[in-house]
Amino acid sequence: MDAIFSWKDFMDAIRNQWKEAGKELIFTILGTLSPTLSTWGYLAIKDRPYEFNTFFQNGEFALYSTALIVSFSYLVVKESKLKLFFQRWFFYLISFLVFAVSIFIYAIVVSSTKAEPFNISLVTTITLLAFVVTVVFAFFVKVIDLVRFEFDYRATNSQGYNDLIDKFEKGGNNERE
């Protein structure tokens, strides 16, 4: 009897999951950053002077991080009874920390006044770091979510598939009745 799945098929499936997760993440990031990217493009086309910090100093990336982390955190918690996410507590911790820091930083930026200014470079650094952590988090969460191995009978050879059907029909017994 031939094996239903080979090691090569398994590795190809894993590679495909990483590619798919990468494509989805790029699409998501471009959509998330579209307000910033389009403004940057507009200012560049109009040849208007701007500082690079313009796109980060008001806590925009705290908002982007919050939106992404919440979306991808759902993938971690949606089937919490399954053992799919190894070290699930780690994903919960990262999710909570990025979420809390992003909300805190944005609240500081919005509530600051001219009498009590905030440190723009610190806000920029923290929110960009939170965004990078969120992107890495989102990638790994998506890869783990995609690894759910579903049986694809088309990937099997016909004899392996027939043997599997026979075994199923016998209720898992090796002998026919």
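**Stop 1: the nonpolar core.** Select L25, F72, F131 and F137. These residues have the most contacts inside the largest nonpolar core, which has 26 residues. A nonpolar core is a set of buried Ala, Val, Leu, Ile, Met, Phe, Trp, Tyr and Cys residues joined through side-chain atoms within 4.5 Å. Buried means under 20% relative accessible area, exposed means over 50%, and partly exposed lies in between (1.4 Å probe, protein chains only). In soluble globular proteins, nonpolar side chains tend to be buried together.

You are viewing a predicted model: local features need pLDDT of at least 70, side-chain atom pairs count only at pLDDT 80 or more, and totals for chains, interfaces and linings use all residues. Residues are numbered from 1 along each chain as its sequence is written, and side-chain values use heavy atoms, leaving out hydrogens and water.

Now colour the helices. Helices are DSSP runs (H or I, at least four residues), numbered from the N terminus. Helix 1, helix 3, helix 4 and helix 5 each supply at least two residues of the core. Helix 5 gives the most, with ten residues.

**Stop 2: F131.** Show its neighbours. Leaving aside residues up to four places away in sequence, F131 touches I29, L33, F61, Y64, S65 and L68. Contact means heavy atoms within 4.5 Å.

**Stop 3: helix 3.** Select residues 60–77. Helix 3 has 18 residues and reaches 26 Å from its first C-alpha to its last, close to the 26 Å expected at 1.5 Å a residue. The expected span is 1.5 Å times one less than the number of residues. Buried residues in helix 3 include F61, Y64, L68 and F72.

**Stop 4: the aromatic cluster.** Select W89, F90, F91 and F137. They form one aromatic cluster. Rings of Phe, Tyr and Trp (its six-membered ring) pair if their centres lie within 6.5 Å; planes under 30 degrees apart count as stacked, over 60 as edge-to-face and the rest as tilted.

Look at F90 and F91. Their pair is edge-to-face, at 6.1 Å centre to centre and 75 degrees between the planes. F90 is partly exposed, at 40% relative accessibility. F91 is buried, at 8%.

Next, turn to F91 and F137. Their ring centres are 6.0 Å apart and their planes meet at 55 degrees, so the pair is tilted. This pair links distant parts of the chain: F91 sits in helix 4 (residues 88–111) and F137 in helix 5 (residues 120–146), 46 residues apart.

**Stop 5: W18.** Find W18 in helix 1 (residues 7–32). Its relative accessibility is 38%, so W18 counts as partly exposed. Not counting residues up to four places away in sequence, W18 touches F139, F140 and V143.
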